Amino acid sequence: MPRYDFRCRSCGATFELNRPMARANDPATCPEGHPDTVKLLSTVAVTGAAAAAPAPAGGGGCCGGGCCG
């Protein structure tokens, strides 16, 4: 289940909620009970060998029209 970050506009607290994507934009109440919250944008980290693309083979950069002399 996705995790969403929120910040309370009243007290400044940040908190996380796990909820289905269908409820991603539903209102959230902060842990202190304040209803005035905003959903924060989150970053996605991609790591591991599958994330790295292999380098292209060959020299590259030449159009092959004889201009790269």
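This report covers the sheet and the salt bridges of one predicted model.

Residues are numbered from 1 along each chain as its sequence is written, and side-chain values use heavy atoms, with hydrogens and water left out. In this predicted model, local features need pLDDT of at least 70 and side-chain atom pairs count only at pLDDT 80 or more, while totals for chains, interfaces and linings use all residues.

## The sheet

Start with the strands. Strands (E, at least two residues) are DSSP runs, numbered from the N terminus, as are helices (H or I, at least four residues). Three strands form an open sheet in the order S2-S1-S3. Their pairing is antiparallel. Two strands pair if DSSP finds at least two bridges between them. S1 and S3 are joined by three bridges. Arg7, for instance, has Val38 in S3 as its bridge partner.

Which strands stand at the edges? They are S2 and S3. Each has a single partner strand, so one side of each has no neighbour in the sheet. On average, neighbouring strands of this sheet are turned by 35° against each other, direction ignored. For such angles, axes are lines fitted to C-alpha atoms (for helices over the stretch in contact), and angles run from 0 to 180 degrees between N-to-C directions.

## The salt bridges

Now the charged side chains. A salt bridge is a side-chain nitrogen of Lys or Arg within 4 Å of a carboxyl oxygen of Asp or Glu. How many salt bridges does this rule give? The count is three.

| Pair | Closest N and O atoms |
|---|---|
| Arg3 and Glu16 | 3.5 Å |
| Arg9 and Asp36 | 3.7 Å |
| Arg23 and Asp26 | 3.1 Å |

Take Arg3 and Glu16, which form a salt bridge. Arg3 lies in strand S1 (residues 3-8) and Glu16 in strand S2 (residues 14-18), so the pair ties together parts 13 residues apart in sequence.

Next come Arg9 and Asp36, also joined by a salt bridge. This pair links distant parts of the chain, 27 residues apart. Arg9 sits in the loop between S1 and S2. Asp36 sits in the loop between S2 and strand S3 (37-39).

## Buried or exposed?

Relative accessible area sorts the residues: buried is under 20%, exposed is over 50%, and partly exposed is in between (1.4 Å probe, protein chains only). Arg9 is exposed at 53%, and Asp36 is partly exposed at 36%. In the Arg23 and Asp26 salt bridge, Arg23 is partly exposed at 40%. Asp26 is partly exposed at 31%.
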